[in-house]
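Biologist: I should like to learn how to read a predicted model, one feature at a time. May we begin once the structure is in view?

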Amino acid sequence: MSQELGKIEKPPAEEFKKGRKLYFVPLIYCEKEPQAEYLEKFNRYWDQVEDQMSGLELKLGKVDKIYHELILVGGGDGVKLIKDLNDRSCQIVENRLSKGTQLEATEEAELLTEFMDWSRCLVIGLQNQSVLTKVYEYYTEASTKRNEHIARQIDETLKEDEVGILFMRESHQIQFPPDIKVFYIIPPALDEIKRWLRDREAKSQEE
């Protein structure tokens, strides 16, 4: 069951107080030296994520577990890895860890590195169609295994009536356990970022 929070004004909180809940936050990254226009949208996006998360916690209770893509370990070591990846998502994580929330390991090393290696093969641009087809098959298989692991990890660590957050790219294809109510956090700035990236890509192709 999914709810797009950006499209509903007053979530029926009483309906969702029981059972496991997961807030899905689309993970938006930033280059080391971003354009000022993008950086402004990026920061506004994460401010809006924090605002929506805080509002949900007031209605449904504090977050118990945190999951973050590319993170192989929980606890303090996991926080250090998140900070290297994305300082803004790390701020949200740290705010909740100070209130007793747990950071869980989300990925498995072998599955993650296999997925990333096949992804790199596709990015470099393969010329032979047979090779491309085979690589894409391996990529799809690795992606499926990775998604299954993440879903299983959430299922095994998110206990009854607990609330979790998952930070992950929006293009994920994870099939969440059916008893977990999934809320998609969609701040208005997300569409602004998508439009900005599309416009930049179109301008780059024209040039």
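**Reading helices, burial and backbone angles**

Modeller: Arg96 is found in helix H4 (residues 87–97). Helices (H or I, at least four residues) and strands (E, at least two) are DSSP runs, numbered from the N terminus. This is a predicted model, in which local features need pLDDT of at least 70 and side-chain atom pairs count only at pLDDT 80 or more, whereas totals for chains, interfaces and linings use all residues. Residues are numbered from 1 along each chain as its sequence is written, and side-chain values use heavy atoms, leaving out hydrogens and water.

Biologist: Is Arg96 buried or exposed?

Modeller: The reading rests on relative accessible area: buried is under 20%, exposed over 50%, and partly exposed in between (1.4 Å probe, protein chains only). Arg96 counts as buried because its relative accessibility is 2%.

Biologist: With which side chain does the side chain of Arg96 make a polar contact?

Modeller: A polar contact is a pair of N or O atoms within 3.5 Å; within protein, one must be able to donate a hydrogen and the other to accept it, and residues adjacent in sequence count only if both atoms are side-chain atoms. For Arg96, the partner is the side chain of Glu57, at 2.9 Å. A polar atom of the Arg96 side chain also lies 3.2 Å from the backbone oxygen of Ile92. Contact in the wider sense means heavy atoms within 4.5 Å. Beyond its neighbours within four places in sequence, Arg96 is in contact with Glu50, Met53, Ser54, Glu57, Val63, Ile66, Thr101 and Ile165.

Biologist: Which residues of H4 are buried, and what covers them?

Modeller: They are Arg88, Ser89, Cys90, Ile92, Val93 and Arg96. Their cover includes helix H2 (36–60), strand S3 (65–68), helix H3 (75–85) and strand S5 (163–168). At the start of H4, a side-chain oxygen of Asn86 comes within 3.1 Å of the backbone nitrogen of Arg88.

Biologist: How are the buried residues of H3 placed around its axis?

Modeller: One takes the arc of the directions from the helix axis to the C-beta atoms. In H3 the buried residues are Gly78, Val79 and Ile82. They line one face of H3, because they fall within an arc of 105° seen down its axis. These residues pack against S3, H4 and strand S4 (102–103). The face turned away from them carries the exposed residues Gly76, Asp77, Lys80 and Asp84.

Biologist: What span should H5 have?

Modeller: The expected span is 1.5 Å times one less than the number of residues. For the 15 residues of H5 (109–123) this gives 21 Å, which agrees with the 21 Å between its end C-alpha atoms. Its buried residues are Leu111, Leu112, Phe115 and Ser119. These residues lie on the same side of H5, because they cover an arc of only 95° around the axis. Helix H6 (129–157) is among the elements that cover them. Glu108 caps the N-terminal end of H5, with a side-chain oxygen 3.2 Å from the backbone nitrogen of Glu110.

Biologist: Which residue just after H5 has a positive phi, and where does Leu70 lie?

Modeller: Most residues other than glycine have a negative phi. Just after H5, Gly125 takes a positive phi of about 90°. Leu70 is not a glycine, yet has a positive phi of about 75°; its place is in the loop between S3 and H3. Asp161, also a residue other than glycine, has a positive phi near 70°. Asp161 lies in the loop between H6 and S5 and counts as partly exposed because its relative accessibility is 33%.
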